[in-house]
Amino acid sequence: MELPDINLEAITDPATRHLIEQLLNVIEALQVDIANLRVENQQLRDELARFKGGSGKPDVKPPVPPASTEHSSEAERHVRVTRGKPKKNATLIVTRDHPCVVDPAVLPPDAIRHGTTTVIVQDIVLTTEVIRFVREVWFVPSTGRTITAPLPAGYHGAFGPQVHALALSLAYGAQVSQPALLCFLTDVGLAIGGGTIARWLADAQQRWQAEAADIQQAGLASGPWQATDQTPTRVDGHNESCHVLGNALFTVYQTRPGGTRQDVLAVLWGQEPVFRMNDTALAWLLATTLSPALVARVQAALPWEHDLGASELTDHLARAGIVLGVQQRQLVWDALAVAAYHAQTTVPIIRQLLSDDASVYRWLVDDHARCWIHDGRHYAKLAPVVPLHQELLAAFRRDYWASYRDLLAYRTAPTPTGLLGVGFYI
């Protein structure tokens, strides 16, 4: 049965209008309950038929594929723009000017100079540079010690930092194979071997790993908010999770064995979590489903305000005779790890975390926010049956993404009054 369209604004009596609004809401709730009950009823019918020796309802594929259940907001989020060839030179910075003159021998006698015209040309210059560092050496007779002047920052071994960076960019960014990379570097004039390139790419001395850790720590200190997400990935045939963390200034990627709250915390922390029993951890544990008696035993078994490694925590609980189930262990370790993270002072603590609404991101920081896309999925999942509600939902989603685009425009060109017309709905 199709419900008639109702214009509530046409109802002048406030009490009647309010009553009809409530009835429409009841219809929406009943419609959802009916749909769920139909699915459950069919499942029970199928199960009963199997108990009687028959079979359930056959799974016959419809001739027309059902509507997609993907709740994407891409069509609403993006603004249709007129296609055209972009102006590639608009963002280029001219590094040098090269005047071009006409040979006077080819000019007719009556030729008159008529200004100039410009042409922008991009090019890459690859040149090898062989540097001889002359390092001072000082001898200290009283100690027999020799002091040698250090190399400039970034220089170590027989090749400079530019070669290292270029090799990594071509190998991992452009997917250039090691033989092709060796051929390229030797063609430009470097005396280098394949073993050297292999050691660079394998990071045998862990220089790039240390640099990545420094970038992460600098990024964590760059501002109060960070954004994070994770996606499944395969490593040596095993399922793991790739975590991404960053803001407008940096981005780091880390592959972890899983996507648990402790894995997320390790990415935010930049190290393997440690565990601490304090007031924060105790309040967390008391708010969980753990029994107060078990929480008291855990509290008594652990030192107060003292960081413990994973093995130390396991030993303390074992000596106290505390055996935890899988879910209980997850709750206890999460509480102690988060408490230790907020108690430490060596790493900048993230105050505002932007992510999706997965449970592993909750209660890690003071302010947990969802991005517009993930928040918008909740409204895309709504399927009202009352025409009035359908119109209200459509208008809301239009205004929702209009506000999003207004914020993007303000970020690109902020003005003192740029946000006065922006409406917020979350």
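The protein chain holds 13 helices and seven strands in this predicted model. Of its 426 residues, 26% count as buried.

**Whole chain**
- Among contacts in the protein chain with a separation of 6 or more, 52% are between residues 24 or more positions apart.
- The protein chain has an accessible surface of about 30,300 Å².
- Carbon and sulfur atoms account for 57% of that accessible surface.

- Three residues, V26, L30 and I34, make up a nonpolar patch on the surface.
- Together, V26, L30 and I34 have about 240 Å² of accessible area.
- L30 lies in helix α1, which covers residues 14–51.
- The relative accessible area of L30 is 46%, so L30 counts as partly exposed.

**Strands β4 and β5**
- Strand β4 spans residues 238–246, and strand β5 spans residues 251–256.
- The two strands run antiparallel and are joined by six bridges.
- One of the residues with a bridge partner in β5 is S241, which is paired with R256.
- The link from β4 to β5 is a hairpin of four residues.
- In a regular strand, side chains alternate between the two faces of the sheet.

Terms used. Residues numbered from 1 in each chain as written. Predicted model: local features only at pLDDT ≥ 70, side-chain atom pairs only at ≥ 80, totals over all residues. Heavy atoms only, no water. Buried < 20%, exposed > 50% of the residue type's maximum accessible area, 1.4 Å probe, protein only. Contact = heavy atoms within 4.5 Å. Areas by Shrake-Rupley, 256 points an atom, 1.4 Å probe, with all protein chains shown as cover. Patch = residues over 30% accessible without salt bridge, like charges linked within 9 Å, V, L, I, M, F, W, Y side chains within 5 Å. Salt bridge = Lys/Arg side-chain N within 4 Å of Asp/Glu carboxyl O. Pairing = 2+ DSSP bridges.
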